[in-house]
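Work through the exercises below with the sequence and the 3D structure open. Try each task before reading its solution.

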Amino acid sequence: MTGPHVAFGWDFDAGEFAVIRGQPPPIAGEILYQAGFWYRAPEVEQNGWRQRPSVEAHDQIQRAVDALRALSQSGVPVANWHRPEQSPPQVLAYYEWLQSAEPFPDADLATVTARSTAELELREGLADPLSREIAADVRDGRIVVEAIQRFDDDHWWLARLAEQLDQERQFVMIRYNSNDRYLSGTDWWNPSYGDMPRRDFRALYQRDTARPDPASLRAAAAVRAPLTRMAAAPSSPPPRAPTEPPPGASRSR
């Protein structure tokens with residue numbers, strides 16, 4: 001998108017952010033302010049804005065959704081900072097998807113992939129007893145993997161526990177490192193949290209973090225306007241992402 005618009009995205013340090021490009025209607029700045037985008041985010045782009053660092057991740061996403069809807073209703077074009085080719089309806093649909101706790105469309109593929117991986121590791125031999133136990137539970141269906149996200153050698157598996165394995169814990173996060181061939185349970189959710197671990201996985205593991213290609217950034221620079229003036233709170237250095245488990249989850253020891 002090359003005309004005046006507001007681009008939304010996420011950064012590890014800044015969290016949810018919005019970038020005002022060009023000179024959209026003045027209402028754009030007011031909508032962002034009302035949605036909580038109070039702090040400048042120059043580390044993203046010159047006219048970038050972010051929310052208060054203490055705002056919980058899912059609340060930040062909801063505020064971004066509120067801003068997207070209000071901007072669209074006001075006729076202000078919106079874009080996905082990470083994927084400039086997306087249309088405004090696609091951008092809104094993506095942010096709504098981040099809030100979804102619905103089953104994953106490719107859950108069956110994730111289950112088969114995890115079982116095949118576990119079976120292969122067991123056949124080749126795992127030195128760690130806990131890794132062998134987890135791999136056997138995955139292979140035999142006592143742990144059912146619903147979604148997989150890979151970051152280099154670390155594979156994160158969101159899984160459900162069979163009732164006979166642990167009636168108190170419905171969902172668990174498993175980390176599988178394909179380099180050191182080690183499996184471990186890192187987080188678990190109380191059953192009262194329902195299906196919300198799927199929402200956590202989408203928002204915290206599966207969301208888009210790609211940087212736009214240089215050509216897209218050059219096109220965006222061509223429509224930059226002087227810094228938008230907003231009645232924003234003073235900027236303060238954002239903290240690192242929290243190391244605590246997702247909301248509703250407990251860290252395994």
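## Exercise 1: The surroundings of N80

The side chains of N80 and Q86 are joined by a polar contact of 3.1 Å (a pair of N or O atoms within 3.5 Å; within protein, one must be able to donate a hydrogen and the other to accept it, and residues adjacent in sequence count only if both atoms are side-chain atoms). The model is predicted: local features need pLDDT of at least 70 and side-chain atom pairs count only at pLDDT 80 or more, while totals for chains, interfaces and linings use all residues. Residues are numbered from 1 along each chain as its sequence is written, and side-chain values use heavy atoms, with hydrogens and water left out.

Solution. 
1. Strands (E, at least two residues) and helices (H or I, at least four) are DSSP runs, numbered from the N terminus.
2. The relative accessible area of N80 is 2%, so N80 is buried (buried means under 20%, exposed over 50%, partly exposed in between, with a 1.4 Å probe and protein chains only).
3. G9 is 71 residues from N80 along the chain, yet their C-alpha atoms are separated by 6.2 Å.

## Exercise 2: The buried face of α3

Task: Find the buried residues of helix α3 and describe how they are arranged.

Solution. 
1. Helix α3 covers residues 88-98, and its buried residues are V91, Y94, Y95 and L98.
2. Seen down the axis of α3, these residues fall within an arc of 95°, so they line one face of the helix. The arc is that of the directions from the helix axis to the C-beta atoms.
3. The elements they pack against are β1 (5-11), β2 (15-21), α2 (57-73), β5 and α6 (196-206).

## Exercise 3: The salt bridges of R198

Task: Name the salt-bridge partners of R198 and say where E146 lies.

Solution. 
1. A salt bridge is a side-chain nitrogen of Lys or Arg within 4 Å of a carboxyl oxygen of Asp or Glu. By this rule the count is 13.
2. R198 forms a salt bridge with E146, with the closest N and O atoms 2.8 Å apart.
3. E146 lies in strand β6 (residues 143-151) and R198 in helix α6, so the pair ties together parts 52 residues apart in sequence.
4. R198 is buried at 8%, and E146 is buried at 5%.
5. D195 also forms a salt bridge with R198, at 3.5 Å between the closest N and O atoms; D195 is partly exposed at 36%.

Notes. Contact means heavy atoms within 4.5 Å.
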